[in-house]
Amino acid sequence: MCGIVGYTGKRNAKDVLITCLRMLEYRGYDSAGIAVVENNKVRVIKSVGKIDNLEQSVSRYDLSTSTIGIGHTRWATHGKVTLENAHPHKVGKVTLVHNGVIENYKEIDEKLNKYEFKSETDSERVCALIDSFYNGHNEIEAIKKATSLLKGSYALGIIFEGNNKLYGIKKDTPLVLGIGTNEYFLASDISAFLKYTKEYIVLDDNEIVEIGNSFNIYYEDKQIYKKIEYTDYDLEEAMKNGYEHYMLKEINEQIDISRKLYSKYINDDNFSDKLIDFSKYKRIDFIGCGSAYNASLIAKYFIDKYCTNANFYCNSYMASEYRYTNHYFDKDVLTVFVSQSGETADTLASLRMCNSEGVDTVAIVNVLTSTMAREAKYVLPMLAGPEICVATTKGYFSQSYICSLLVLNLMYKTGLIDKDKLLSIFDEFKKLPENIEKVINQDYKKVAKSIYKSEDIYYIGRGIDIYSSFEGSLKLKEISYIHSECIGAGELKHGPIALISKDTPVIALLSEFSVAEKTINNINEAKSRGAYVVTIRKESINVDKKLSDCDIVVPLTNEFIQNLLIIIACQLLSYEVAKLRKCDIDKPRNLSKSVTVE
Ligand code: F6R
């Protein structure tokens with residue numbers, strides 16, 4: 001999604017803006033731009049493609065004295081990827097950058113007939129709208145009047161010609177003020193300015209920040225004072241640290257994250273009270289998008305398997321469906337929102353819907369400054385650190401880990417497992433870091449070489465392996481652009497087997513002992529149609545060598561975390577395939593990290 005930055009201070013604004021924009025590259029973008037005030041005039045410079053292109057364009061100008069400016073990475077929504085549509089937009093005396101979607105921009109456009117627009121964007125209309133209310137000295141009033149007419153979501157960074165200040169306002173999409181020593185930043189998230197400061201204030205909806213030599217925040221005509229917060233996010237953590245890609249670094253970080261999660265959520269061989277107790281509810285709805293939805297299916301799987309007899313009912317929903325479906329809510333219902341970014345539009349809208357129904361809400365969330373973390377009744381931090389690669393790995397890992405712990409806690413609290421059993425399961429959680437290391441240290445290049453030229457790859461599995469297949473298949477398609485589907489192994493012969501021909505790769509996941517024989521029969525069916533079979537299995541499930549062309553074996557552990565080892569193998573296989581195909585692994589085409597539009 002688009003990223004916003006703004007700066008005012010003593011440094012060279014263009015340099016700071018470009019550095020900050022680079023830190024937001026992970027969000028996904030297709031054009032970029034900056035606007036700086038140089039000799040009291042606003043200079044806008046934009047380019048299509050990577051920030052390197054922008055840096056080249058910027059180097060053609062002498063901007064050595066500029067100390068105030070705004071910048072943007074655009075992920076196209078309204079209008080194509082063109083220079084005209086790139087931000088910042090300048091209309092009259094107003095220049096702005098915008099993240100979000102203005103739903104009534106056509107209506108606004110009709111009222112602005114004195115303006116001629118260069119772009120197709122809603123953002124340029126917002127710029128004109130502010131200009132139409134601006135009389136040269138009432139900046140806050142102009143912003144207020146204009147934004148009161150907007151329907152939709154926005155975070156805006158604004159500068160006015162002739163006024164050496166920076167302004168910001170937001171609604172339903174994040175905007176953070178960074179506070180350094182005699183310098184200030186505006187950004188879509190704190191990672192943008194971590195290099196300069198760790199102090200920040202998260203702006204709430206409709207607050208306006210005005211930044212000059214100091215800053216003031218206004219809400220409904222009054223100045224307000226907000227607590228300055230401090231982040232312990234480390235810039236090093238957000239950098240590649242010698243890894244070729246963020247994805248690889250983040251896969252490796254899963255070792256350490258499993259330790260952090262263990263020490264936060266399990267204390268002295270018992271569950272920490274930081275973990276929400278599900279046992280006072282009867283129905284639990286999990287809600288998420290993409291990989292977060294896939295992770296939530298792990299909770300559903302175990303609750304269905306072990307807790308339905310105790311009258312617990314669980315379902316996992318895609319947030320984009322949940323928000324538009326009718327639900328019956330009462331005090332027995334708990335809703336759990338799973339989101340790495342904490343900003344995903346559909347998940348956030350579902351959370352708000354549940355909050356307004358008065359139902360209890362929990363957010364399993366990584367970014368603790370995010371809107372979901374602030375609006376949910378309870379928060380379960382994912383402790384994954386900044387996730388930069390657009391395709392999630394450690395985020396999914398942490399979500400799935402927490403889902404398993406929540407179910408185990410429920411089982412323990414309701415007597416479905418006793419203490420001895422629980423302790424033996426905890427032993428496996430303790431061993432997880434070393435088991436992850438074993439999975440990471442295997443050779444995936446060889447397997448990748450045998451399948452990377454294929455244009456279709458199928459994942460199959462049964463039981464929990466279907467849910468892991470969803471994630472494995474998603475990871476593969478999003479970073480390698482290979483068409484991939486996940487098929488319940490038992491469903492193959494009901495249609496999809498028609499797609500299997502000579503050398504079609506079929507990746508079979510085998511971690512569920514009770515149905516392994518049946519999956520092996522299905523592998524046989526695929527093999528006899530010519531499939532090239534890759535098995536990813538736990539070590540206690542054996543597969544005939546003649547059946548599997550490539551065999552990846554992960555250590556045996558407890559079923560509540562076995563899927564984590566299987567999925568890490570899938571992540572690494574996808575990574576190697578994408579690398580062989582020379583894909584832009586950390587920034588796959590058309591994707592963005594934080595999906596703040598519907
Ligand atoms: C896939 C991926 C996405 C996200 C989804 C939800 O690798 O990263 O499918 O999982 O967009 O994002 P969050 O967790 O931020 O709500």
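Where is S341 found? S341 belongs to the loop between β20 (333-339) and α10 (345-357), helices (H or I, at least four residues) and strands (E, at least two) being DSSP runs numbered from the N terminus. The structure is a predicted model, in which local features need pLDDT of at least 70 and side-chain atom pairs count only at pLDDT 80 or more, whereas totals for chains, interfaces and linings use all residues. Residues are numbered from 1 along each chain as its sequence is written, and side-chain values use heavy atoms, with hydrogens and water left out.

Figure 1. The ligand sits in the largest pocket. A pocket is defined on a 1 Å grid over the protein atoms alone, as an open set of points with protein on both sides within 12 Å along at least five of seven lines; a cavity is instead a set of points where a 1.4 Å probe fits but cannot get out, and lining residues have an atom within 4 Å of a point. A molecule sits in a cavity or pocket if more than half of its atoms lie within 2 Å of its grid points.

Figure 2. S339, Q340, S341, T344 and E478 come nearest among the 14 residues around the ligand, where a residue is near a molecule or strand if one of its heavy atoms lies within 4 Å of it. An oxygen atom of the ligand lies 2.5 Å from an N or O atom in the side chain of T344. For E478, a polar side-chain atom is 2.6 Å from a ligand oxygen atom, and for S341 the corresponding separation between a polar side-chain atom and an oxygen atom of the ligand is 2.7 Å. The protein covers 89% of the 400 Å² of accessible area that the ligand has on its own; accessible areas come from the Shrake-Rupley method with a 1.4 Å probe, and for residues only the protein chains shown count as cover. A polar contact is a pair of N or O atoms within 3.5 Å; within protein, one must be able to donate a hydrogen and the other to accept it, and residues adjacent in sequence count only if both atoms are side-chain atoms.

Figure 3. Helix α8 provides the largest share, 3 residues. By class, the shell has 4 nonpolar, 8 polar and 2 charged residues. Here Ala, Val, Leu, Ile, Met, Phe, Trp, Tyr, Cys and Pro count as nonpolar, Asp, Glu, Lys and Arg as charged, and the others, Gly among them, as polar.

Figure 4. S341 is buried, at 10% relative accessibility; buried means under 20% relative accessible area, exposed over 50%, and partly exposed in between (1.4 Å probe, protein chains only). The C-alpha atoms of S341 and V595 are separated by 8.7 Å, although these residues are 254 residues apart along the chain.

Figure 5. R125 lies in helix α4 (residues 122-132) and is buried, with a relative accessible area of 9%. A polar atom of the R125 side chain is 2.9 Å from the backbone oxygen of T121. S316 lies in strand β19 (residues 313-318) and is likewise buried, with a relative accessible area of 7%. The side chain of S316 reaches the backbone oxygen of S296 at 3.1 Å.

Figure 6. H87 and P88 are joined by a cis peptide bond, with omega about 0°; P88 is placed in the loop between β4 (68-74) and β5 (89-91). N40, in the loop between β2 (31-38) and β3 (41-48), has a phi near 65°, a positive value in a residue other than glycine. N40 is exposed, at 56% relative accessibility. D503, in the loop between β24 (483-488) and β25 (505-510), has a positive phi of about 70° although it is not a glycine. D503 is partly exposed, with a relative accessible area of 45%.

Figure 7. S454 lies in the loop between α14 (445-451) and β23 (456-461) and counts as buried at 16% relative accessibility. Its C-alpha atom is 7.3 Å from that of I482, 28 residues apart along the chain. L24 is placed in the loop between α1 (13-23) and β2, and its relative accessible area is 0%. The C-alpha atoms of L24 and A187, 163 residues apart along the chain, are 9.0 Å from each other.
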